[in-house]
Amino acid sequence: KKLPSSDCSLLPHNHYWIASKHVVTPNGTISGAVEIKQGRIISIVAEENWHVNSWFTTVVNYGEAVIMPGFIDVHAHLDDPGRTEWEGFPSGTKAAAAGGVTTLIDMPLNSAPSTVSEEALKLKVQAAEGRVYVDVGFWGGLVPENAENVTSLERLLDAGVLGLKSFMVPSGINDFPMTTSAHIKEALPTLARYRRPLLVHAEVLLDHDGKLEPEDGADNARSYSTYLKTRPASMEEAAINQLITLTKETRAGGSAEGAHLHIVHLSDARTSLNLIKEAKQRGDSITVETCPHYLAFAAEDIPDGDTRFKCAPPIRDAANKEKLWDALLEGDIDMLSSDHSPAVPEMKLLDEGDFLKAWGGISSLQFVLPATWTYGRKYGITFEQLASWWSEKPAKLAGLTTKGAIAIGNQADIVVWEPDVEFDLDNGYPVHIKHPSISAYMGSRLAGKVLATFVRGNLVHKEGNHASLACALPILHR
Ligand SMILES: NC(=O)N[C@H]1NC(=O)NC1=O
Ligand SMILES: [Zn+2]
Ligand SMILES: [Zn+2]
């Protein structure tokens, strides 16, 4: 049965099956088929029990390819409205779709205005409407102004942000000032009442004069090690130490019971990670993410002047990277996110290669699936682990109850990909982010090629092509 509005989907049917030898479900990976009707998953059948008459039924058989829940990226900066020359919803969500990301939650900063008020959220939603190829939810910004004003915070939450995000160091964006742990403490009871999480960029300044510059002016700014010295692990550790004094109150009977704190983009796998582990063991409501770039790259390998690798917190040494993998495999790190944070190429200062002055942010959205797979294979990661880190746990954090798993009743948000297919990210590769030249992954060879991406049952991307209309939706907290 053909649908008239085929522009939303490259497979214009409202009732069909997809099948393969590897369908990743919460109960394990099976050889079987998934039935999709009107955007929902309505049945999942193992091969031996599957008897459909393909004369009357639309079936797409993907053979050996993996059918997994679509990735949910809880941390992306799409910079729309206001800085669409950096990225924007159309290119950002096309890149997401091409990379198997079916939902992303947009960060409240790097757009203009920052999403710190009800009015600003309305502008976000307007900017997303009819312009997104994957579903997009929104974090609101916790800044001193609204932290001190319960009413304005309530209005922002009532307007539908899925939770809040704050910075404990300067964010680099003028209308997104940093919060101290005192601000965070003030906001937690409100978040507890709404049962929505607070995400925190956990680094604090250690010098009393608040300077991030290295002390020795003679250091070579083209060397990554110079930048690394300006953001030592102790900055993460100090921030997390402050935060876990607050998360005590998230336990049963505490003043912030019902609140949840999520540490974004953890880089320090040593003391910072241990502090989080201890807080979890005590029963605090706390989770943590890291990003593929911390799992893929090591500080000592970053070439001089290659500012594509500049981000905050910084990429640390190879031994730290190994510990991050251990923590992920042990379950001490809960999930992954991209922290896709592009800018215009000029701001990366690729010619000067000045790590101290260049924009900090890794551009990666389209490559998170193959990057996680490529660098994770040697640790023996499984499809189930990928689904947990990139779909199930992120859905839980963002409160998306009908996403994050191939399960009956869920929205049909699905990625189909080939683990054994390798490809070179060279100039001939179809890259959909606005500025491919600033991505740290360009020039590398990755494994894990995305074949097809479904959002709410619409085949939004297939082998390099996108559906002609952007029919995915902004997600607001209901
Ligand atoms: N403003 C912004 O996107 N900052 C991000 N970039 C980065 O490398 N770390 C961040 O927090
Ligand atoms: Zn951050
Ligand atoms: Zn970020």
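## Cysteines and the disulfide

The sulfur of Cys311 lies 7.8 Å from the closest cysteine sulfur, which belongs to Cys291, and this is too far for a bond. In this predicted model, a disulfide is counted when two cysteine sulfur atoms are within 2.5 Å. Cys311 is buried, with a relative accessible area of 2%. Cys291 is buried as well, at 0%.

A search of the whole structure finds one disulfide. The bond joins Cys8 to Cys471, with an S to S distance of 2.0 Å. Cys8 is located in the segment before β1 (15-25), while Cys471 is in the loop between β18 (465-466) and β19 (474-475), so the bond ties together parts that are 463 residues apart in sequence. The torsion about the S-S bond is about -70°, and the disulfide is therefore left-handed. The two partners fall into separate accessibility classes: Cys8 is buried, with a relative accessible area of 17%, whereas Cys471 counts as partly exposed at 25%.

## The zinc ions

Which residues coordinate the zinc ion (ligand 2)? The donors are ND1 of His201 and NE2 of His265, at 2.1 Å. These two histidines come from distant parts of the chain, 64 residues apart: His201 belongs to strand β11 (residues 197-201), and His265 to the loop between β12 (260-263) and α8 (271-282). His201 is buried, with a relative accessible area of 4%, and His265 is buried at 3%. The zinc ion (ligand 2) is 3.7 Å from the zinc ion (ligand 3).

## The parallel sheet

Strands β11 and β12 also take part in an open sheet of six strands, ordered β9-β10-β11-β12-β13-β14, with parallel pairing. Its edges are formed by β9 (140-141) and β14 (335-336); each of these has a single partner strand, so one side of each is left without a neighbour in the sheet.

Within the sheet, β12 pairs with strand β13 (residues 286-290) in the parallel sense, over three bridges. Leu261 stands opposite Ile286 of β13.

## Ser91 in helix α1

Ser91 is part of helix α1, which spans residues 89-98. Is this residue buried or exposed? Ser91 counts as buried because its relative accessibility is 13%, and the limit for that class is under 20%. Leaving aside residues up to four places away in sequence, Ser91 touches His432, Ile433 and Lys434.

Terms used:
Residues numbered from 1 in each chain as written. Chains lettered and ligands numbered in written order. Predicted model: local features only at pLDDT ≥ 70, side-chain atom pairs only at ≥ 80, totals over all residues. Heavy atoms only, no water. Helix = DSSP H or I, 4+ residues; strand = E, 2+ residues; numbered from the N terminus. Buried < 20%, exposed > 50% of the residue type's maximum accessible area, 1.4 Å probe, protein only. Contact = heavy atoms within 4.5 Å. Donors = N, O, S within 2.8 Å, 3.2 Å for Na, K, Ca; no water. Pairing = 2+ DSSP bridges.
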